[in-house]
Amino acid sequence: MRNHYIMTNEENEVPFVIVHQEEIPLGFSNAGLYRHLQLTSHGAHCTDCGFWTTKVHEYHPKQVIAGSHNDTPIIDHFHHRRFVCDSCHRTFMEPLSWLKPYQRITEIGCRTLLYRSADCTFKAVGEAFSRNGQNVRIHVLENYSEQPDLAERSTPLLIGIDEMSLAKGKGNYSLVMYDLSVPWRPQLLLMHESRRKDEVMKVL
Ligand SMILES: [Zn+2]
């Protein structure tokens with residue numbers, strides 16, 4: 001039976017249906033939500049002349065990271081079509097509204113890598129998402145720099161708190177707060193002489 005439903009992505013209808021999906025839960029090898037998509041459009045406008053065409057030149061099997069589900073990656077499989085234009089006879093890959101050309105990861109997927117990098121190393125995120133650590137790092141940095149409001153924010157987006165003893169073994173603990181707005185680069189925000197609950201609440 002076809003698992004036939006329409007998904008919405010940032011308030012736009014996504015032009016595909018999920019014809020099959022299979023979940024391998026967290027903890028098993030190759031954990032993830034594997035979805036097989038079928039594109040619902042019968043054709044595309046030629047990227048050169050704009051002529052509407054439905055003639056498929058060839059199919060390219062494609063695998064795309066589309067986000068995360070229960071802490072595992074969502075991995076989409078579909079056939080990306082190369083059409084041949086009836087008017088100018090050029091061939092072109094069909095443009096996809098949710099995926100930039102030549103990409104194998106959606107913007108939601110990139111954001112997922114960014115959030116996952118908050119408490120994992122790039123290498124660990126890469127292992128979970130079948131990519132190498134360097135590739136995760138590149139995506140995360142690109143995605144992060146595309147959010148200028150985040151970098152300009154003066155109030156930290158995320159705060160981490162910890163305790164620290166300035167005199168080891170003396171039990172004299174201070175409160176330390178970190179700005180975790182850039183997840184992989186904690187910055188010391190402030191230190192306070194007491195870590196007592198009422199004092200911490202006052203600082204916050
Ligand atoms: Zn054309």
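This report describes a zinc site, a strand pair and some salt bridges in a predicted model.

## Basis

Residues are numbered from 1 along each chain as its sequence is written, and side-chain values use heavy atoms, with hydrogens and water left out. In this predicted model, local features need pLDDT of at least 70 and side-chain atom pairs count only at pLDDT 80 or more, while totals for chains, interfaces and linings use all residues.

## Zinc site

The SG atoms of C46, C49, C85 and C88 coordinate the zinc ion at 2.3 Å. Donors are N, O and S atoms within 2.8 Å of the metal (3.2 Å for Na, K and Ca); water is not among the atoms, so sites may look incomplete. The angles between the four donor atoms run from 102 to 120 degrees, so the arrangement is tetrahedral (four donors, all angles between 85 and 135 degrees).

C49 lies in the loop between β4 (44-45) and β5 (52-53), and C88 in the loop between β7 (72-84) and β8 (91-93), so the pair ties together parts 39 residues apart in sequence. Strands are DSSP runs (E) of at least two residues, numbered from the N terminus.

## Strands β3 and β7

Six of the eight residues of β3 (residues 32-39) are buried (under 20% relative accessible area; exposed is over 50%, partly exposed in between; 1.4 Å probe, protein chains only). β3 and β7 pair in the parallel sense over four bridges (pairing takes at least two DSSP bridges).

## Salt bridges

There are nine salt bridges (a side-chain nitrogen of Lys or Arg within 4 Å of a carboxyl oxygen of Asp or Glu). One of them joins D76 and R35 at 2.6 Å, N to O. D76 is in strand β7 and R35 in strand β3, 41 residues apart.

Notes: Tetrahedral: all angles 85-135°; square planar, octahedral: opposite > 155°, others 65-115°.
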